[in-house]
Amino acid sequence: MNDFILTLECDDRRGIVHTVTGILLKHGADIRELKQFDDALSKRYFLRIEFDLDDKGASVDALRADLEEFSTDASAKWDVWPRTEKRRVLVMVSKFEHCLNDLLFRSRNGELPVEIAAVVSNHPDHRELVEWHHVPFFRIPVTPETKPEAEARLLELVDRFEIDLVVLARYMQVLSDDLARELTGKAINIHHSFLPSFKGAKPYHQAYERGVKTVGATAHYVNSELDEGPIIAQQLVEVDHAFTPADLVAAGRDAECKALSNAVRWHCEGRVFLNGKRTVVLR
């Protein structure tokens, strides 16, 4: 119960590590892991620390007060939370169930530090699977005419279930610009890495016709540009001439599951920082 994660980002300046670790030492913290990155181009500094507090009266509230004083002076964004705390996740899915099934399994066996609080779909197909995992399932159909109402309903669920992260696990609807802005830094999407080379229906069949030698997937934050948000994780699988279209589809499914689960885990462990159109991932 005394293990914590600290994340911090600010404009680069001298003495940040010295000051922050000094605050931790003052409050009896023992640092277990420290990762940092100083971006020379953006002049931004990123820090993630895992630490535990001395059982003898150490106060996380007093620690937070000192960090707040430092952050005000340094114009820093920071957060501290218990390492065992699970982030509350809402998963969105359409008809392809492989990423949904993978996330439910990894959440259930403790591989991901998340609690899947709800699943939303524009189709009824996966209700039985989701409810078997004792997770609430909500069907929200979407048409061009009902899209504003559907997105308003989604935001109601995000608020109702106190959601920390929305995961688009092969959700085949484009979010509106307004919703994408509302979820900035709090929504992750997955797509096959053929984009923009192979758009539209059956991308793996298009790839087969071109004789591709790799397939892969990209997990990224959602923004107003379709499938072009800041990249968090990518997965690559080598293939060859012997792979049929069905083999490519299977390899692509595996890549999508792994890239998405990595992105979700790193985000929920506080390892991912937005840095303009890019991300910093302190693994």
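## Buried residues

A residue counts as buried when its relative accessible area is under 20%. In this predicted model, Phe4 has a relative accessible area of 7%, so Phe4 is buried. Phe51 has a value of 1% and is buried as well.

Cys257 is buried at 12% relative accessibility, and Cys268 is buried at 3%.

## Aromatic pairs

Across the whole structure, a search finds three aromatic pairs. One of them is formed by Phe4 and Phe51, whose rings are stacked, with 5.7 Å from centre to centre and 20° between the planes. This pair links distant parts of the chain: Phe4 belongs to strand E1 (residues 3-11) and Phe51 to strand E3 (residues 44-53), and the two are 47 residues apart.

How many disulfides does the model contain? The count is zero. A disulfide requires two cysteine sulfur atoms within 2.5 Å.

For Cys257, the closest cysteine sulfur is that of Cys99, at 4.3 Å, which is too far for a bond. For Cys268, the closest cysteine sulfur is also in Cys99. The distance there is 15 Å, so the sulfur of Cys268 is too far away for a bond.

Methods:
Residues numbered from 1 in each chain as written. Predicted model: local features only at pLDDT ≥ 70, side-chain atom pairs only at ≥ 80, totals over all residues. Heavy atoms only, no water. Buried < 20%, exposed > 50% of the residue type's maximum accessible area, 1.4 Å probe, protein only. Phe/Tyr/Trp six-rings, centres within 6.5 Å; stacked < 30°, edge-to-face > 60°. Helix = DSSP H or I, 4+ residues; strand = E, 2+ residues; numbered from the N terminus.
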